[in-house]
Each structure stands twice: as structure tokens, then as C-alpha cells.
Amino acid sequence: MSELKEISVIMLKHLSKALLSAAHEISKSLGKNHPIIESSPPPLDCGISVLFQYKTRRYWAEIIKIDGDMLTVENKSVAKTFTISTSEVISRDDINYPIDDL
């Protein structure tokens with residue numbers, strides 16, 4: 001079984017290198033305005049809605065102020081304003097992929 005694991009690891013390693021190389025070549029041909037592989041999400045800005053957890057509940061709230069790493073967000077449905085860190089953001093409404101996948 002150990003040999004099978006080694007073979008599969010080597011195959012997956014070569015496959016991932018090949019896929020990254022192909023994506024890099026395709027992104028070159030598309031130009032700088034259309035990158036295939038995003039290294040980080042776009043920066044947070046006022047007006048973006050973010051999902052975060054406060055105590056035992058999760059809330060969607062709109063960013064109304066950014067001060068370094070701290071965000072002031074407002075949830076209008078519960079009429080509350082929260083101050084959270086950017087590391088507490090679980091999801092954003094302006095991107096379609098989970099933040100943890102980056």
C-alpha cells in the first residue's frame with residue numbers, strides 16, 4: 001500500500017504543476033487584465049456586505065468605515081453597528097469563492 005501512496009503523490013504533484021503551468025500560459029495570452037489565478041481577494045471597501053460571527057450568531061452587515069484592520073459594519077435589519085477585525089470576515093458579497101480557499 002505504501003508504494004501505491006508514493007505513486008499517487010508523485011502523479012498528483014506532476015498534475016498540479018502541469019495545471020499551474022497551463023493556467024500561467026493562458027493568463028499570459030489573455031493579458032494582465034484577465035488573470036486566471038487570483039492570489040488574493042480584492043481589497044475591502046465601504047458598501048461591501050460581509051458575513052461575520054458575533055457570539056453565537058452570524059450576521060450580514062455592510063461596511064460603513066474602515067480603520068486599518070478594523071471594520072465598522074452596520075446590520076440594518078437588527079439596527080446594530082459592530083466593530084470587527086478583517087480576520088473575522090467569513091464571506092463577502094462581492095466574490096463568489098470562500099475566503100478560506102485563498
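Q: Is Asn-75 buried or exposed?
A: Start with the cut-offs: buried means under 20% relative accessible area, exposed over 50%, partly exposed in between (1.4 Å probe, protein chains only). In this predicted model, local features need pLDDT of at least 70, side-chain atom pairs count only at pLDDT 80 or more, and totals for chains, interfaces and linings use all residues. Residues are numbered from 1 along each chain as its sequence is written, and side-chain values use heavy atoms, without hydrogens and water. Asn-75 has 7% relative accessibility, so Asn-75 counts as buried.

Q: Which strand holds Asn-75?
A: Strands are DSSP runs (E, at least two residues), numbered from the N terminus. Asn-75 lies in strand S3.

Q: How many bridges join S1 to S2?
A: Two strands pair if DSSP finds at least two bridges between them. S1 and S2 run antiparallel. Tyr-54 stands opposite Arg-57 in S2. The number of bridges joining S1 to S2 is six.

Q: Which residue in S5 is the bridge partner of Val-50?
A: S1 and S5 (residues 89-92) run antiparallel, joined by three bridges. In S5, Val-50 is partnered by Arg-92.

Methods
Helices (H or I, at least four residues) and strands (E, at least two) are DSSP runs, numbered from the N terminus.
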